[in-house]
Every structure is written in structure tokens, then in C-alpha cells.
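Hi there,

Here is the structure I promised to pass on.

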Amino acid sequence: MSLCFELSEEQKILRETVRNFAEKEIRPICQELDEKEEFSVELTRKMGELGLFGPFVSEKYGGSNMGYVSYIIAVEEIARVDGSQAATLAAGNSLGIAPIYYFGNEEQKRYWLPKLCSGEMLASFGLTEPNAGSDAGASRTTAVLDGNEWVINGSKIFITNSCTEISGVCVVQCVTGKRPDGKNELSCILVPNGTPGFTARPMKGKMVWRASNTGELIFEDCRVPKENLLGKRGDGFHQMLSTLDGGRLSIAAMGLGGAQGAYEAALKYANEREQFGRTIGSFQSVAFKLADMAMEIEAARWLLYYACWLADNNRPFVKEAAMAKLYCSEVMHRVANQAVQIHGGYGLMKEFFVEKYYRNAKLLEIGEGTSEIQRIVIARQIGVKGGDWWTGVTKQ
Amino acid sequence: MDIIVCLKQVPDTEAEIRPTPDNTEINYEGIKFVINVYDEYAVEEALRIREKVGEGTVTIVTLGPERAVESIRTALAMGADKAVHLDDAAFLGGDANATARALAKAIEAMSYDIIFCGKQAIDDDLAQVGNILGEFLNLPSVTGIVKFDLSEDKKKATVQRQIEGGIEVLEVPLPAVFTATKGLNEPRYPSLPGIMKAKKKELKPVKLGDLGLNEGEVGKKGSLTQVLKYSLPPVRGAGKIVQGDTPEEKAANLAKLLREEAKVI
Ligand SMILES: Cc1cc2nc3c(=O)[nH]c(=O)nc-3n(C[C@H](O)[C@H](O)[C@H](O)COP(=O)(O)OP(=O)(O)OC[C@H]3O[C@@H](n4cnc5c(N)ncnc54)[C@H](O)[C@@H]3O)c2cc1C
Ligand SMILES: Cc1cc2nc3c(=O)[nH]c(=O)nc-3n(C[C@H](O)[C@H](O)[C@H](O)COP(=O)(O)OP(=O)(O)OC[C@H]3O[C@@H](n4cnc5c(N)ncnc54)[C@H](O)[C@@H]3O)c2cc1C
């Protein structure tokens, strides 16, 4: 009796609630927000009221302590309707809240988490730089201790949730010195939005996640108190890897939810659209596409839930998180592709919901570690012997 | 202020409803169930009153099979304080009278100032349980309210009903039964913390024996009416597109069809 696929009653109610919410509050306006490339403070607040920020955070800091399976069901259900809102939610949680929750000291947690968990404020995670993407350890942004302050110089790029009206703080990965082995010492520092010397500006013209906020950050002699260091000095690289492990679960959830949404649209369309005097779903080539979509989604779902179950039970989940991220995002890519195909010419039009899934799928194969990087992580985890440079992308 | 909300679990409005092969019952297999939408307004109103008054309890009372627990928990997650579940096979399959009798018996033993029901359940569409409940409890009852105001002294309520062409305003002494309809409020979503709290709230199962009723008084056996059969509405035929090159021609063809085919003019 130890293998159990039944969701708990709370998880069922949660899924139902978030699905209703996404259908009623997000679906009617998400196409327009996508078209206008507009971030919605209102929807973010509403997701906050629902308690979707901080599902893995303890009640003491304003979370709901529901765990990873529940968190991932929430992201999945939002992504089923809209990738952009799911991105706001997933990044807000996995990249914004998580590092502060897992590595912050008591004071930092008490100060930031309640505001972040209520959805009134967003935190972002500043890792990627123009010249440090997949090679995240190659950050060049520096932080130098000057008396009681860190002085930060450098820039970050593609940072989700970093420059909205309600963006409150960025966890910035900085080079804070040299390690004994000659490598850069990396540390994460909390930099509140609005700190002099810190500019954040939105990056426009995205193909994906158009209603999610992405910013470019510039630090010019930006000073923050010494106490803004997150965890210990030199722990930045480890914190980053661990944050990305959790983040991968939420990217996977976006793949799963997005695939589900595109599949449902395709199934409905195939049962309604008639050509050659019958519904197109009655043609075997269309029916088989739908069968494959359903099968892949089911496989993706249980791989992801398994990875979340490991996380909830405090077991190692690095390999499974990478596998789930890779598989769910590639499943969404294939499913969205076939969903557009089944819609024929209409699938290419904005009026028909599926083109958005087709675009959004691509991000999932790039963000929080590209598909290639996931394969490196998995290869290392399963014991393939590699070069030294692998330690730059995987846990040592 | 102790407020009771009668809540029913019903099939989702989008569910495809079919009778069983012998047409005497509904085939519920594979169907998704939700809180009856009018009952959601009832729950929301009860919560708002409790929040406004600043004290009291909101108790959910549900008659239904085991699966109804999920809907009860959802109402608890919205913020209701506790629940009573009339959970006995003997209660099932009853008409409005039998259902109201069981509910009344359960509610009798409880403390209440206000009882809310939904205007009707969207599955059987009877719209009778609230009133009959009022009769059994010997309370005034008002159907289909769209506004509820509690008096200063909390001893009466001023409520509004939508009637043909306008609004009717009534004053009712409490306790009383009110049935809620669309327009009363916008129900909240249960929040994640609410869902977690709901797990720990009291949900009391009640059996036939607990109410001091016998089998002949409730459920199918205690009903004054019996369902003979269910049937699906006739399948609607395909629509017809009226042909014609100009609006005038189309109008002429339409008139012709209405006269000759539909024979309505
Ligand atoms: C919308 C959006 C939101 C984002 N949000 C955030 C955020 O909130 N915070 C943040 O820090 N970053 C964020 N990112 C950045 C994201 O994590 C990076 O884009 C991603 O890690 C890839 O880095 P890159 O774009 O520099 O590509 P590169 O690293 O330059 O990769 C280019 C190509 O080379 C391949 N490649 C690189 N190295 C290897 C290798 N060793 N072996 C095989 N192939 C390799 C890659 O797989 C890829 O195909 C976001 C990006 C986008 C688009
Ligand atoms: C940008 C654009 C430009 C266009 N330009 C022109 C133009 O200049 N002139 C013009 O006349 N048309 C034009 N078209 C229309 C285009 O040719 C049609 O979209 C295309 O033929 C598909 O038809 P449909 O969109 O109605 O899809 P459908 O025919 O409805 O097909 C939907 C799905 O069902 C599948 N399907 C249908 N029948 C079968 C079957 N028997 N067996 C298996 N699968 C089947 C299809 O392969 C597809 O996956 C254009 C379309 C676009 C998007």
C-alpha cells in the first residue's frame, strides 16, 4: 500500500479552486495582456489573495505550508490557461521567495516573506548576465565591502519580476572575492528596488511570456548594508544551484499545464471542426495525434509529481527535477505544435488560443537551464564521467 | 450570530447528464461535482455577516453521499467554521419534503439566528427545500434574495428580492430562512491557507438514528412524490441558413420559410 497516486482532499480542492480562478479571472483578459505586452499588478494581487505565493513557506512567515506537490498543481493550473501569469507566479515563488526562505536569516525572513507571500510585493533572482547565461558561475557583477556596506557594480539581464510597480527586492549573485582554489567567490546579496545606483528597466519585444515582466538591471556603485548578504559569504554558487533545482519543478509545471491547455483546445476543436463531411477528429491521423498528446501529458505529470514528492519528503531530487523540467518542456513543445497543426490555418491566428502556447513552449526549453544544460545535469547524475567544467553547472 | 447554510453538492453545469439505462435514475458515473452555485452565494453572505458582526459561527449543513465531503471542505476553506453532514444512505433520493424534514431535524438541535439556502439546486431545480424547511422549523422564509441587511439590534433583517419590473423590500424578524440568488454577492475563492485550515475544522457525520427519525420519514421512502422516469430532451435539429444575395432577398426568403415551413405567420 505504499504506492499511492491519490491526491489529498486539500490538493483536489486546491486544483479545483485554481482552475476556477484561472478560467474566470485570467482567461478573459490574458490574450489582451499578451498582445499589449502588459504586466498585470491586479492579477498578481489576486493570485496573492488566493494564497498562491508561498505555498511551501511555513505559516509563520505568511505561507500556507502545503508543500511542493500543491505548489506545482497551482502553477500547472495557471499555466493551463496562461503562461505569463504562471511565470509571474513560478518566478515569484521559486526564484523570489525560495532563496530568502531557505537561506535568509530570521530577520530577513520576517522582513520580506510576509509581504512576498501576500502578493503585494515581488522578489526577483538576479543571476544571468549578458556574458553569463548557461555558465552562471561566470558572473562578473562585483560586490566589494566598504566599511559596513557592499558596493555593487555590474549588470544582469532577463530578470523576471524585477521591474514592476510592486518589485521590492532582487537577490543578486555577485563576485565577492577569490576562493583559495583561484575561482571566484560568489555570494547572494539582497538589493531593494529603489536603492540608489540600482536601475531596472523592462525588456520589451519578447516572443514568449509577453505579460510577464522581464528586466535588465544595472548596478553603479550601488550601496546596501552589509547585513543584506544572504546566508554566508561564498555560498552564492550553492544557493543558486539549489534555487534552480526547485525552480525546475515550477518550469516543469508550466510545461505540463501548458501542454494540458493546448491539448484540451485541440481535442475540442477536433470534435467540432468538420472537413470532408466529418469531424477532423474522426481522421485517424488527427485522432492518433491526440492520443499521443494525452499519453505524453500523463507521463509528464507523473514524472513531475514524483519529483515533487521527493522534494516534499526531503529526499534528493536533483536528477528527477532536471528530468521533469526537460521532459515537461519538450512535451509542451510537441503538444503545442500538434495543437496548432490540428487547428489548421486558424491555429496561426491570435484569436485562437493555441498560438500562444506554441510561442510560450519555447521559453521552457531555455529558461532556468537550457535543455542542453538539463541533459548535462542528468548525465552527471547518472554517472557519466565528464570533464572538470561540469562542476560549473551541476552540484559537486 | 449563529448562521446556518444548507449546502448541496451537484453535478458541474458542464457535465453531460444521462439517465441510467432503465431511465429511473441519473447516471453519475465519471461526473464532476461542485457546490451548487446558489449555495455559494449563501455561504458568502453568511461569511460576510459574521465578519461584519465580528462574532458568531457559520455552520454548513449538507445532506448527501460521501463524495459531498469535498464540497463541504471547500465551504470550510472559504471560511465557514464547522459542518454537519447528513451522511446516511437512508437520507438519499428524497424529494424536497423528505430532504427538508431531515435538514430541519438536524438544524433543530443547533443554535441559529439566520438560515441560508440557495434559491434552488441546479440539478433537480425544485426550488422548494428552503421554504419547506422554514415550515418545518416554523420560521418565516423569503426566497431569492439579492440583498441582506441586518438591523442594528440584530433582531431583524431587511432583504430585497428581484421581482418582475422592480425590487421588493421586506422586513423579516429573525430567526428566519432566506434563499440566495445571483446578485446577492460575488463569492470568494477559498485561499490556500483557508484550505489548510479547513482540514482541521469539525465535520460531524450524522446518521438516521442520531436524528430520531425512521426510514419511512426521509429519503426515497419518506417522499411525497416519486420520480417515474428521466428522459433526455429531443435532439435539436440543425439550423438553417437563409439564402439570398441581398438583405431584401434574404428577408423575403425568411418570410417565405416562416409562412410555408414553420407555419408561424
Ligand atoms: C523570459 C526569460 C526570463 C528569464 N528569467 C530569469 C531570471 O528571473 N533570473 C535569471 O537569472 N535569469 C533569467 N533568465 C535567463 C535564462 O536563465 C537564460 O537565458 C538561460 O540560462 C540561457 O542563458 P543564455 O540565454 O545566456 O544562453 P547561452 O548560455 O548563451 O546558451 C546558448 C545556447 O548554447 C547552449 N550551451 C551553452 N553551454 C552549453 C554547454 N556547456 N553544452 C551544450 N550546450 C551549451 C545552450 O544550451 C543554448 O542552446 C530568463 C530568460 C528569459 C528568456
Ligand atoms: C497565413 C495564411 C495564408 C493563406 N493564404 C491562402 C491563400 O492565399 N489562398 C487560399 O485559398 N488559402 C489560403 N490559406 C488557407 C490555407 O490553405 C488553409 O489554412 C489550409 O489549407 C488548411 O485549411 P484549414 O485551415 O481550413 O484547416 P482544416 O482543413 O480544417 O484542417 C485542420 C486539421 O485537420 C487535418 N485534416 C483535414 N482533413 C483531413 C483528412 N482528410 N485527413 C487527415 N487530416 C485532415 C489537417 O491536416 C489539419 O491538421 C492561408 C492560410 C494562412 C494561415
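**What I found**

The shell around ligand 2 is made up of seven nonpolar, five polar and one charged residues. Please keep in mind throughout that this is a predicted model. Of the 13 residues around ligand 2, the nearest are Gln275(A), Ile280(A), Phe283(A), Gly344(A) and Gly345(A). Two helices of chain A, H7 (284-312) and H8 (318-343), each contribute at least two residues to that shell.

Ligand 1 has 23 residues around it, and Leu127(A), Gly133(A), Ser134(A), Thr370(A) and Glu372(A) are the closest. By class, the shell around ligand 1 holds eleven nonpolar, ten polar and two charged residues. Where does ligand 1 sit relative to the domains of chain A? Both domain 2 (124-234) and domain 3 (238-392) of chain A give residues to its shell, so ligand 1 lies between them.

Now to the two chains. Contact between them involves 16 residues of chain A and twelve of chain B. On the chain A side, helix H1 (residues 9-36) provides the largest share, eight residues. That side of chain A comprises seven nonpolar, five polar and four charged residues.

The largest nonpolar core contains 197 residues, and those with the most contacts inside it are Val75(A), Ile189(A), Leu249(A), Leu304(A), Ala339(A) and Val5(B). Helix H6 (residues 236-272) of chain A gives the most to this core, with 16 residues. Leaving aside residues up to four places away in sequence, Leu304(A) touches Ile72(A), Leu249(A), Ala252(A), Ala253(A), Leu256(A), Ala324(A) and Cys328(A).

Chain B is assigned two domains, domain 1 (2-217) and domain 2 (234-265). Their C-alpha centres are 47 Å apart.

Among the buried ones are Ala96(B), Arg101(B), Leu103(B), Lys105(B) and Ile107(B). The cover over the buried residues of H3(B) includes strands S1 (2-6), S6 (57-63), S7 (82-86), S8 (114-118) and S13 (203-206), along with helix H4 (129-137), of chain B.

Best wishes

Definitions and conventions
Residues numbered from 1 in each chain as written. Chains lettered and ligands numbered in written order. Predicted model: local features only at pLDDT ≥ 70, side-chain atom pairs only at ≥ 80, totals over all residues. Domains from an automatic or database assignment. Near = placed C-beta within 6 Å. Nonpolar A, V, L, I, M, F, W, Y, C, P; charged D, E, K, R; others polar. Contact = placed C-beta atoms within 7 Å. Helix = DSSP H or I, 4+ residues; strand = E, 2+ residues; numbered from the N terminus. Core = buried A, V, L, I, M, F, W, Y, C linked by C-beta atoms within 7 Å. Buried ≥ 20, exposed ≤ 12 C-beta atoms within 10 Å, placed from the backbone.
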